[in-house]
Amino acid sequence: MENLLAQFFDHLRYERNASEHTLRNYAIDLGQFYDYLAPADPKTGARRPIDVRQIDHITIREWLAHLHAAKKKRTSMARKLAALRTFFQFLIREGVLESNPAKLVSTPRRERKLPTCLTIEEVIRFIETPDVSTDLGKRDRAILEMLYGTGMRVSELVKLNVSDVDFRNRTVRVTGKRRRQRIVPFGEPALHALLQYMTVRENFLRNAPPAARDERALFLNYQGTRLTTRSVGRMVDKYIELCAGIHNISPHSLRHTFATHLLDSGADLRDIQELLGHARLSTTQIYTHVSLEKLIEVYDKTHPKS
C-alpha cells in the first residue's frame with residue numbers, strides 16, 4: 001500500500017502538476033484511510049500488510065461511518081471520498097485494479113453554507129484600517145486593497161512576484177490552482193496602495209541578510225522573505241479587532257465580497273468566473289444565492305405587500 005501511495009503522489013506531482021496544497025490534502029486524506037485500515041503498532045510502528053484488491057465499497061462506507069461518528073464535517077468527508085476515487089482510478093490505470101470501489105459509494109450531501117460577505121461600507125472601512133503612516137501599514141493596506149480589488153485567493157496573493165504586476169495597465173498575472181494563469185485588472189485605489197508600498201518595500205529587504213532575501217516576491221515580511229498565507233490570516237485577525245462592527249470574516253471573505261459586489265452591480269457570471277479563476281461555472285454560481293438573499297431582504301423591506 002505504501003509503495004502504491006508513493007507512486008500515486010509522484011503521479012500527482014509530475015504528471016498532473018498538482019500544487020503543494022493539493023498534495024498535502026491528498027496525503028492527509030489517504031493517510032487517514034490507511035491508518036483506519038492498518039493502524040501502526042504503538043511500539044514498533046509496523047503495520048499489517050494491506051491488499052488493495054480486497055478493499056471494497058463496504059470497507060469505504062464503514063470508514064465514512066467512522067468519520068461521521070467522529071463528528072467530521074460532510075464537506076471533509078466528501079473531499080476524502082474524492083481523494084479515494086482518484087487514487088483507485090490511478091490504480092486502474094496502472095493495472096492494479098479492474099474497478100473503482102469508491103465509485104459505488106454515494107458522496108455525502110454537503111451542507112449549503114453561504115459565504116460571508118461585507119457591505120460596501122464595511123469593506124471600505126475595513127480596508128482603511130491599517131495605519132499607512134508606517135511601513136507595515138502601507139504593506140497591509142496594499143494587501144487588503146489587492147484582495148478586494150482582484151478577488152484573488154490568499155494563496156495566489158502570496159505567490160505574486162513584482163514582475164507579475166503591470167502598473168501601467170493596472171493588471172496582475174495570477175497563478176491559480178494547477179498553475180493556471182489569468183490576467184486580472186485592479187482599480188486606482190489598489191494601484192495607489194501598491195505604489196505607496198513599493199516606496200518602502202526596500203526597507204523590508206534590508207532586514208534580511210543578502211542570501212536570505214527574496215528579491216522577486218511582491219509582499220514581504222519583516223525578515224525580507226515572502227509572506228505566508230498564515231501571516232496574512234493573522235494580519236486580517238488583527239484588523240478585525242481594530243475595526244468595530246466587523247466580525248467572523250477571513251481573508252477569503254474579501255474574495256466572496258469582490259464577487260458578490262460585481263454580481264450585484266450587473267456583472268455577467270461567466271466574467272466573474274474568469275476573474276476568480278474557477279474551472280467550473282457551478283462553483284461561481286454560489287454567488288447567485290448570496291445575491292438572491294439580498295434581493296429577498298430588499299423585497300421584504302420595501303414592497304407594500306411583502
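What share of the 306 residues in the chain is buried? Buried residues, those under 20% relative accessible area with a 1.4 Å probe and protein chains only, make up 42% of the chain. The structure is a predicted model, in which local features need pLDDT of at least 70 and side-chain atom pairs count only at pLDDT 80 or more, while totals for chains, interfaces and linings use all residues. Residues are numbered from 1 along each chain as its sequence is written, and side-chain values use heavy atoms, leaving out hydrogens and water.

The chain contains 14 helices and three strands, taken as DSSP runs (H or I, at least four residues, for helices; E, at least two, for strands) and numbered from the N terminus. Its C-alpha atoms fill a box of roughly 70 × 65 × 35 Å along the principal axes.

Helix 3 (residues 57-69) and helix 4 (residues 74-93) have axes that come within 11 Å and cross at roughly 155°; axes are lines fitted to C-alpha atoms over the stretch in contact, with angles from 0 to 180 degrees between N-to-C directions. Helix 3 is therefore roughly antiparallel to helix 4, a term for angles over 145 degrees. The contact (heavy atoms within 4.5 Å) involves I60, W63, L64, L67 and H68 of helix 3 and M77, K80, L81, L84 and F88 of helix 4.

The three strands form an open antiparallel sheet in the order 1-2-3, where pairing requires at least two DSSP bridges between two strands. Strand 1 (165-166) and strand 3 (181-185) are the edge strands, each pairing on one side only. Strand 2 (residues 171-175) pairs with strand 3 over five antiparallel bridges, and T171 has P185 in strand 3 as its bridge partner.

Technical notes: Parallel < 35°, antiparallel > 145°, perpendicular 65-115°, else oblique. Buried < 20%, exposed > 50% of the residue type's maximum accessible area, 1.4 Å probe, protein only.
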